[in-house]
Amino acid sequence: MANRRDSFVFYRSFKEAIEECPIDDQLEIYKAITDFALNGERPNLQSSFGRICWRLIEPVLVTNWNRYVNGCRGKEFGDKGGAPKGNKNALKQPQNNPKTTPNKDKDVDNKENIDIPKKADGVSLNQSNIEKRREDFILSLKPYIEQYGKEMCNRFFSYWTEPNKSHTKMRFELEKTWDLSRRLKRWANNNFKS
């Protein structure tokens, strides 16, 4: 194990096992864990408690070390593609390969780089679309006003048309199933609560 790394995962089970050892042996075990996990140096533990503890901890550290080493290799070779051409998996292109998926805007998280389609009046298409769907929802409620009353229908409308954070969908559109008459009946039975 010739590689060195800057960090590693230290599990609660390590701490709990080490705490069962005499206080004089605990520092030796902690040092052994860090030397092995960061530098790949195998320890030479003097105490029998330290050797017992190490036998329990070592397999986990070896597994994590191997993941780290393989991850370094993956970083080196992962950008080169994947499946050979003609293979059905070749259609799945890696997202970070600049030869196959060029990204003109490196800062994708910056919302200024994202073009949101606009209508002539400056309102985004998503906003106008959600407004149209809200109006359709109002129209679908009109036949039920006489049966359930205007106040209940208004509360029902306000609750179920609440938009998600991105203002692309309303609460009722996020439901797996939706039957307006059944929802209204349940709403009335629950005294205007979802």
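**View 1. Cys 53 and its closest cysteine neighbour, Cys 21.** In this predicted model, the sulfur of Cys 53 sits 4.3 Å from that of Cys 21, its closest cysteine sulfur, and that is too far for a bond. A disulfide would need the two sulfur atoms within 2.5 Å. If you were hoping to find one elsewhere, the structure holds zero disulfides. Cys 53 is buried, at 3% relative accessibility. Another cysteine, Cys 153, is also buried, with 4% relative accessibility.

**View 2. Arg 42 and Glu 58 joined by a salt bridge.** Here is one of the ten salt bridges counted in the model. The side chains of Arg 42 and Glu 58 come together with 2.3 Å from N to O. Arg 42 belongs to the loop between helix 2 (23-39) and helix 3 (48-77), while Glu 58 is in helix 3, so this pair ties together parts that lie 16 residues apart in sequence. On the accessibility side, Arg 42 is exposed, with a relative accessible area of 54%.

**View 3. Glu 175 paired with Arg 183.** Take a look at this salt bridge, in which the closest N and O atoms of Glu 175 and Arg 183 are 3.3 Å apart. The two partners fall into separate accessibility classes: Glu 175 is partly exposed at 32%, whereas Arg 183 is buried at 15%.

**View 4. Arg 182 paired with Asp 179.** Arg 182 and Asp 179 meet through their side chains in a salt bridge of 3.8 Å, N to O.

Definitions and conventions:
Residues numbered from 1 in each chain as written. Predicted model: local features only at pLDDT ≥ 70, side-chain atom pairs only at ≥ 80, totals over all residues. Heavy atoms only, no water. Buried < 20%, exposed > 50% of the residue type's maximum accessible area, 1.4 Å probe, protein only. Salt bridge = Lys/Arg side-chain N within 4 Å of Asp/Glu carboxyl O. Helix = DSSP H or I, 4+ residues; strand = E, 2+ residues; numbered from the N terminus.
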